[in-house]
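Hi,

Here is the structure I promised to pass on. Have a look first, then read my notes below.

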Amino acid sequence: MDPDGSVQDPEDKEYSSVCVGREDDIKKSERMTAVVHDREVVIFYHRGEYHAMDIRCYHSGGPLHLGEIEDFDGRPCIVCPWHKFKITLATGEGLYQSKNPKDPSAKPKWCSKGIKQRIHRVTVDNGNIYVTLSKEPFKCDSDFYATGDFKVIRSSF
């Protein structure tokens with residue numbers, strides 16, 4: 001905490017990689033949850049690639065680890081189980097469909113709300129999965145739900 005009582009921004013810290021599990025385990029379950037430097041994350045294994053992001057949806061804190069992965073506009077997305085918000089696995093963008101209201105024959109098209117969900121780096125070394133928290137220098141809507149009272153992973157002690 002800073003002397004003025006505010007929480008330090010994620011991008012102000014240097015984070016080390018944290019081992020969150022074994023490659024064999026995530027390949028079977030296709031997802032896992034972990035606490036990395038006091039931040040809850042969900043790690044997905046989808047189509048041979050690993051993706052990690054904050055566990056709570058940027059919209060209202062929905063549990064993304066319980067959502068389904070679907071393709072929208074050719075991009076794999078996690079769909080929040082609470083309100084069906086769609087978040088790209090690769091970039092953390094929020095997606096929505098829109099159409100021109102002045103053209104009744106227009107087909108809806110997929111549009112981006114911008115990056116809404118903080119994503120984190122996943123690496124594999126000797127069969128172990130490591131997550132390094134993002135230090136991207138921007139505020140992300142999911143930051144609000146990343147720590148504190150909104151935690152979903154409870155410690156066992």
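Let me start with Asp71, which is partly exposed, with a relative accessible area of 35%. Keep in mind that this is a predicted model. The side chain of Asp71 meets that of Arg47 in a salt bridge, 2.8 Å from N to O. Arg47 counts as exposed, at 59% relative accessibility. This pair ties together distant parts of the chain: Arg47 is in the loop between β3 and β4, while Asp71 belongs to strand β5, 24 residues apart.

That strand also takes part in a sheet. Five strands make up this open sheet, ordered β5-β6-β7-β8-β9, with antiparallel pairing. Its edge strands are β5 (68–72) and β9 (109–115), each of which pairs on one side only. From one strand to the next, the twist averages 40°. Strand β8 (residues 93–98) is joined to β9 by five bridges, and Gln97 stands opposite Trp110 in β9.

Back to the charged pairs: the structure holds eight salt bridges. One of them joins Asp54 to Arg39, with the closest N and O atoms 2.8 Å apart. Asp54 sits in strand β4 (residues 49–54) and Arg39 in strand β3 (residues 39–46), 15 residues apart. Asp54 is buried, at 0% relative accessible area, and Arg39 counts as buried too, at 8%.

Another pairs Asp141 with Lys116, where the closest N and O atoms are 3.1 Å apart. Asp141 is partly exposed, with a relative accessible area of 36%. There is also a network: salt bridges that share partners join Arg39, Asp54, Arg118 and Asp143.

Cheers

Note on methods:
Residues numbered from 1 in each chain as written. Predicted model: local features only at pLDDT ≥ 70, side-chain atom pairs only at ≥ 80, totals over all residues. Heavy atoms only, no water. Pairing = 2+ DSSP bridges. Helix = DSSP H or I, 4+ residues; strand = E, 2+ residues; numbered from the N terminus. Axes fitted to C-alpha atoms, helices over the stretch in contact; angles between N-to-C directions. Salt bridge = Lys/Arg side-chain N within 4 Å of Asp/Glu carboxyl O. Buried < 20%, exposed > 50% of the residue type's maximum accessible area, 1.4 Å probe, protein only.
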